[in-house]
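The text then moves on to the nonpolar cores.

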Amino acid sequence: MSLLKSLNDFFGERGPTESLEQIARREASEHTVLVVDDDKDFLNSCAEFLREAGYNVLKSSTGAKGLNMLRYAPKDISLVLLDYDMPELDGSDTLQFLRKMTPAMKVGAVSGLDETMLPASFREHVDQLLSKPFRREELLVFVRGLLTAPTHQPVATPALVSAVPAIAG
């Protein structure tokens, strides 16, 4: 038996290797996701799902606070998850300022509104859309897809619409 043990040691069979879940958590820990949403329950749930998967998470309940976080740590943030329907500074206005500050930032829209209800100026300037409600697994696939996609390429279109009619959602 000692010969088999020696062969196992020589060929690297020393014990269990890193699981796929451990690899995913390690890769996730290299990324910080900024979640911007006025719904505190959603914000907290989303942050919890992402943290459980290993991501570093920053939370903001307003577009203005999210922009301030981004202003002070643009190189630390890998991805912004942005709600559209928010009071004061809505998702469209927030996105307009965000694109001026960090044009290449990856932005995923998360909205309870049907995609057809979102203005084209918003849809065209986010990298992907995810409709609420969604399951934890859907969020994690969405985030991983955004993080592994090529860097956002700014769209050469007229300025984003800054005054969007309020839509109940």
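The buried residues of α5 are covered by elements that include α4, β3, β4 (106–111) and α6 (120–123). Here helices (H or I, at least four residues) and strands (E, at least two) are DSSP runs, numbered from the N terminus; buried means under 20% relative accessible area, with a 1.4 Å probe and protein chains only. This is a predicted model, in which local features need pLDDT of at least 70 and side-chain atom pairs pLDDT 80 or more, while totals for chains, interfaces and linings use all residues. Residues are numbered from 1 along each chain as its sequence is written, and side-chain values use heavy atoms, without hydrogens and water.

Of the 11 residues of α5, 8 are buried, so this helix is largely enclosed by the rest of the structure. Among them are Gly91, Asp93, Leu95 and Leu98. At the start of α5, a side-chain oxygen of aspartate 90 comes to within 3.1 Å of the backbone nitrogen of serine 92.

How do α4 and α5 lie relative to each other, roughly parallel or roughly antiparallel? They are roughly parallel, a term for angles under 35 degrees. Gly63, Leu67, Leu70 and Arg71 in α4 meet Thr94, Phe97, Leu98 and Met101 in α5, where contact means heavy atoms within 4.5 Å.

The largest nonpolar core has 21 residues, and Val33, Val35, Leu50, Tyr55, Leu81, Leu139 and Val143 touch the most other members. Such a core is a set of buried Ala, Val, Leu, Ile, Met, Phe, Trp, Tyr and Cys residues joined through side-chain atoms within 4.5 Å. With 6 residues, α7 gives the most to this core.

Technical notes:
Parallel < 35°, antiparallel > 145°, perpendicular 65-115°, else oblique. Buried < 20%, exposed > 50% of the residue type's maximum accessible area, 1.4 Å probe, protein only. Polar contact = N/O pair within 3.5 Å; in protein donor to acceptor, adjacent residues only side chain to side chain.
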